[in-house]
Amino acid sequence: VFFLMIRRPPRSTPKPSSAASDVYKRQVHGDLMVSTGKAPLTVCITGAAGQIAYSLIPLVCSGDMLGLDQPVHLKLLDIEPVMPVLKGTCMELQDCAYPLLLSVTPTSDYKVAFTDMDIGIFLGGFPRKAGMERKELMSKNCGIFKGQGEVLNQVAKPTAKILVVANPANSNCLTLSHYAPKIPKENFSCLTRLDHNRALTQLAEKSKVKLSEVKNVIIWGNHSSTQYPDITHGTISGKPINTVVTDTKYLQEEFITTVQKRGAAIIEARKNSSAVSAAKAARDHIHTWMFGTAEGEWVSMGVIVENNTYGIDKNLCFSYPVKCKDFKYEIVPGLAWDEFSKKKIEATQKELQEERMEALGIQITLYFYSDEYA
């Protein structure tokens, strides 16, 4: 009896690198073979070593965000000191064996991150620290997003779709767009879907119905404590919200402030900012932008719109009610504002105009709503 001894070669491991651009490629074989007939999409996530990214990455790689038949290349951007953390994330992604994940590129180089990018989710920004004035925070983030915008303008596809999550999200988005004029303004957006989701949940709990029964709330304006969660045109179980929740004081005070200050309440409770909910909202934002809103429904997105029917300053990234499909959106037109709504929307617009001055130093003739929506 003869025994044939075959020595198995040692299993390879990712090479260590001090910077920027290791690529961890899937060895696609056997039951991991992806044969969807779809061209892969390249998704870039900035601030990729942070908490939100850690919750978002699985939603991208599993197909939950872009579809269960959509292969992806993933680029993870963060600063050089956290590259070891990103390498650990890459090791975990290898171990997850996501069939749709074709490659992962951890990098600290903007050009590597943004080249060939189809979708960019900008989570990374300078966090507000104790004692820091808002103007200082704006200045630091303007520098970050100016630099990223300039590189986007050099290397990114003009078709790239961009979501800014890092706060102050609206003004960071405006800055990014300003310095990347090659990419159409309609391809830029900022996250107010988290506020939208918070408003839906508060109303569902108040009225003791399923979340799916609450529809068409709106977040107007800034992702800040001046945002206006508007229930005027929304429904619960097909009925106007104010006929189901009849407590006007609650709707005009507690409900609004709860949504406006929910982020701060979460920081107070967990000693850290929203992560899982922010990641889920980013997923919802991109998923809806790609696959579309349901018939008769809308969601909230921060967008830069030159021709809006509400008379909002066209040089702001402002949250509106939108309908989406195939990575296009349109503002829902003709929704009436009562006096209460006008004052709230005016306040959040004013704050965004002040932020724009701090971020970009742009002085633009200001105008507000038309009497048509009185």
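Let's start with Arg356, which is buried at 3% relative accessibility (buried means under 20% relative accessible area, exposed over 50%, partly exposed in between, with a 1.4 Å probe and protein chains only). Its partner in a salt bridge is Asp313, at 3.0 Å from N to O; a salt bridge here is a side-chain nitrogen of Lys or Arg within 4 Å of a carboxyl oxygen of Asp or Glu. Arg356 belongs to helix H11 (residues 339-360) and Asp313 to the loop between strand E13 (299-303) and strand E14 (318-325), so the bridge ties together parts that are 43 residues apart in sequence. Asp313 is also buried, at 1% relative accessibility.

Helices (H or I, at least four residues) and strands (E, at least two) are DSSP runs, numbered from the N terminus.

## About the model

This is a predicted model, in which local features need pLDDT of at least 70 and side-chain atom pairs count only at pLDDT 80 or more, while totals for chains, interfaces and linings use all residues. Residues are numbered from 1 along each chain as its sequence is written, and side-chain values use heavy atoms, leaving out hydrogens and water.

## Other salt bridges

The whole structure holds 12 salt bridges. One of them joins Asp69 and Lys38 at 3.2 Å, N to O. Asp69 is partly exposed at 33%, and Lys38 is partly exposed at 33% relative accessibility.

Lys157 and Asp118 meet in another salt bridge, at 2.7 Å from N to O. Here Lys157 is partly exposed at 29%, whereas Asp118 is buried at 15%.
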